[in-house]
Amino acid sequence: MGDLLLVRHGETEWSRSGQHTSWTDLPLTGTGEQQAKSLSPLLSGRTFALALTSPLHRALRTAELAGVAGVVPDPDLHEWDYGGYEGVTTVDIHRTRPDWYLWTDGVAPGPADHPGESPAEVGARADRVLSRVESALPDGDVILVAHGHFLRVVTARRLGLAPADGRLFQLATGTVSRLSTEHGRAVIAEWNARP
């Protein structure tokens, strides 16, 4: 049975400023490119039974720079749809909703093509991804290259927790995390690793 590796894309302008970024397809910053390249030693020498990435540029570029071969873009790996909070920081949201918390309160409705998602909706996408992961793990390691909030929900669901329990797992840009098993149960084996 293989391990599940989670790679959060490198830094973008909005991840640096704290702006919620789901569908806005920002490139990596220079720092983000360096973060992605630095992951190569953590991933080299591994072959993956399945390598999936978000279809957004920041994830695809991270996979490329980290040397992950054979990645397949999967729309289920896109970031949480922040709806009306796209491009807005938590500090700005707290000006009108001081007690707002993404993990319990969700997002403000957005435009028709990006209406926003609840934690349960993000959890349903994570479960679909994990179903594909589960079928590949007997053949070896699986890697997902995607986004912070989404990968936190994937982690919660893999560990048997509710989607909103992704709040428990802070995930930095340009890092590798590894979910494994111990006595047949999913565990965190490594978190926020950098070379």
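The structure is a predicted model. Thr29 lies in the loop between helix H1 (13-17) and helix H2 (30-38), and H2 itself has buried residues that pack against two further helices, H3 (40-43) and H4 (57-66). The count of aromatic pairs comes to 3, and two of them are described below.

**Thr29**
- Thr29 counts as buried because its relative accessibility is 8%, below the limit of 20%.
- The side chains of Thr29 and Glu11 are joined by a polar contact of 2.6 Å.
- Beyond its neighbours within four places in sequence, Thr29 is in contact with Glu11, Thr12, Glu13 and Arg16.

**Helix H2**
- Gly32, Gln35 and Ala36 are buried in H2.
- These residues are on the same side of H2, because they cover an arc of only 95 degrees around the axis.
- Helices H3 and H4 are the elements against which the buried residues of H2 pack.

**Aromatic pairs**
- The pair of Trp80 and Trp103 is edge-to-face, because the ring planes stand at 85 degrees, with the centres 5.3 Å apart.
- Trp80 is in the loop between strand S3 (72-73) and helix H5 (90-96) and Trp103 is in helix H6 (residues 102-105), so the pair ties together parts 23 residues apart in sequence.
- Trp80 and Trp103 are both buried.
- Phe169 and Trp191 form a tilted pair, with 5.8 Å from centre to centre and 55 degrees between the planes.
- This pair links distant parts of the chain, 22 residues apart: Phe169 is in the loop between helix H8 (148-158) and strand S5 (175-182), and Trp191 is in strand S6 (residues 185-193).
- Phe169, at 11% relative accessibility, counts as buried, whereas Trp191, at 23%, counts as partly exposed.

How values were computed
Residues numbered from 1 in each chain as written. Predicted model: local features only at pLDDT ≥ 70, side-chain atom pairs only at ≥ 80, totals over all residues. Heavy atoms only, no water. Helix = DSSP H or I, 4+ residues; strand = E, 2+ residues; numbered from the N terminus. Buried < 20%, exposed > 50% of the residue type's maximum accessible area, 1.4 Å probe, protein only. Polar contact = N/O pair within 3.5 Å; in protein donor to acceptor, adjacent residues only side chain to side chain. Contact = heavy atoms within 4.5 Å. Arc of directions from axis to C-beta. Phe/Tyr/Trp six-rings, centres within 6.5 Å; stacked < 30°, edge-to-face > 60°.
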